[in-house]
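Colleague: Before I use this model, I would like to go through its fold and its backbone with you. Could you show it first?

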Amino acid sequence: MDGKVLNLDGSYELPSHANLILSILSSNTLCAMAAMATTLTSSLSKTQFFDNKSSFHGSAVPTRAAQPIKSSSQNPAITMSAAPYNLDSFKFQPIKESIVAREMTRRYMMDMITYADTDVVVVGAGSAGLSCAYELSKNPDINIAIIEQSVSPGGGAWLGGQLFSAMVVRKPAHKFLDELEIEYDEQDDYVVIKHAALFTSTIMSKLLARPNVKLFNAVAAEDLIVKGGRVAGVVTNWALVSMNHDTQSCMDPNVMEAKVVVSSCGGDGPFGATGSSG
């Protein structure tokens with residue numbers, strides 16, 4: 001699988017550089033992430049498909065204006081609900097295990113049906129993939145499926161380099177942090193987030209709450225669907241199945257057709273290496 005392909009189907013106007021190669025230099029560098037989403041949107045700006053631009057790279061998005069948030073030495077106030085529940089009388093409502101099973105199964109199966117033919121498939125839910133999906137999902141008419149081979153999304157962006165906590169972000173990518181309302185220490189040419197997990201958890205919570213986004217974690221992209229010389233989707237399978245093809249048999253994959261496929265597999269251990277070198 002060529003893990004660095006981005007393409008459109010024939011129903012959209014292709015720019016001259018539609019076969020764009022996206023190279024994600026590191027999973028903890030926001031400059032690469034912001035550049036990827038901005039390049040994808042701007043290179044396809046002639047199409048109606050991408051008619052909503054980023055709030056920090058074009059016309060304003062209908063959200064409240066975010067101001068730069070700097071770190072403070074004061075401890076933030078903790079807000080609690082006006083009427084906290086009484087732990088002495090706390091008791092879970094009864095529920096049958098079969099109801100839980102039906103709810104999980106029904107909703108997941110409906111998601112698989114819905115996203116079997118979708119607008120955008122983002123392969124890899126690290127910092128780059130999440131940022132790209134965040135930008136594209138600002139257009140509510142674009143449905144986005146995110147495929148992540150690991151059980152836990154976020155890739156290597158939960159920590160900085162060499163397992164250190166801080167995340168260093170080169171300017172002007174700090175404007176993206178302002179939009180996400182993430183605190184940072186500002187220096188001359190860069191900013192520093194206290195802990196990389198602040199970025200990852202924040203963007204993930206905002207992105208996954210959007211109705212036009214679905215994350216399929218523990219799902220691997222095993223191959224590409226190519227029709228007429230263009231990428232038209234991905235071949236998928238459960239991650240555990242994909243890792244055990246040499247020990248089991250008769251484990252055929254599934255597919256997701258899409259107008260756009262974005263690879264942001266990165267290199268986070270065996271999962272990233274598998275996704276980007278297949």
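**Fold and backbone**

Modeller: Of the 278 residues of the protein, 41% count as buried. The model is a predicted one.

Colleague: How many helices and strands does the protein have?

Modeller: The secondary structure of the protein consists of seven helices and nine strands.

Colleague: Among contacts between residues at least 6 apart in sequence, what share joins residues at least 24 apart?

Modeller: The count takes in contacts in the protein between residues at least 6 apart in sequence. The share that joins residues at least 24 apart is 69%.

Colleague: In what order do the three strands of the open sheet lie?

Modeller: The edge strands, each pairing on one side only, are β3 (167-170) and β4 (185-186). Four bridges join β3 to β5 (residues 190-193), and these two strands run antiparallel. The pairing in the sheet is antiparallel, and the order is β3-β5-β4.

Colleague: Which residue of β5 stands opposite valine 169?

Modeller: β3 and β5 (residues 190-193) are joined by four bridges. Opposite valine 169 stands valine 191.

Colleague: How far apart are the end C-alpha atoms of helix α5, and what span should its 13 residues have?

Modeller: Helix α5 covers residues 196-208, and at 1.5 Å a residue its 13 residues should span 18 Å. The end C-alpha atoms agree with this, being apart by 18 Å.

Colleague: What arc around the axis do the buried residues of α5 cover?

Modeller: The buried residues in α5 are Ala196, Phe199, Thr200, Ile203, Met204 and Leu207. An α-helix has 3.6 residues a turn, so residues three or four places apart point the same way.

Colleague: Which proline is joined to lysine 171 by a cis peptide bond?

Modeller: Omega of the bond is about 10°. The proline has its place in the loop between β3 and α4 (174-180). The residue joined to lysine 171 is proline 172.

Colleague: Is glutamine 162 buried or exposed?

Modeller: Glutamine 162 is in the loop between β2 (144-148) and β3. Its phi is positive, near 55°, in a residue other than glycine. The relative accessible area of glutamine 162 is 68%, and exposed means over 50%, so glutamine 162 is exposed.

Colleague: What is the relative accessible area of alanine 218?

Modeller: Alanine 218 lies in the loop between β6 (213-217) and β7 (219-227). Phi of alanine 218 is also a positive value, near 60°. Alanine 218 is partly exposed, with a relative accessible area of 25%.

Terms used
Residues are numbered from 1 along each chain as its sequence is written. This is a predicted model: local features need pLDDT of at least 70, side-chain atom pairs count only at pLDDT 80 or more; totals for chains, interfaces and linings use all residues. Side-chain values use heavy atoms; hydrogens and water are left out. Two strands pair if DSSP finds at least two bridges between them. The expected span of a helix is 1.5 Å times one less than its number of residues. Buried means under 20% relative accessible area, exposed over 50%, partly exposed in between (1.4 Å probe, protein chains only). Contact means heavy atoms within 4.5 Å.
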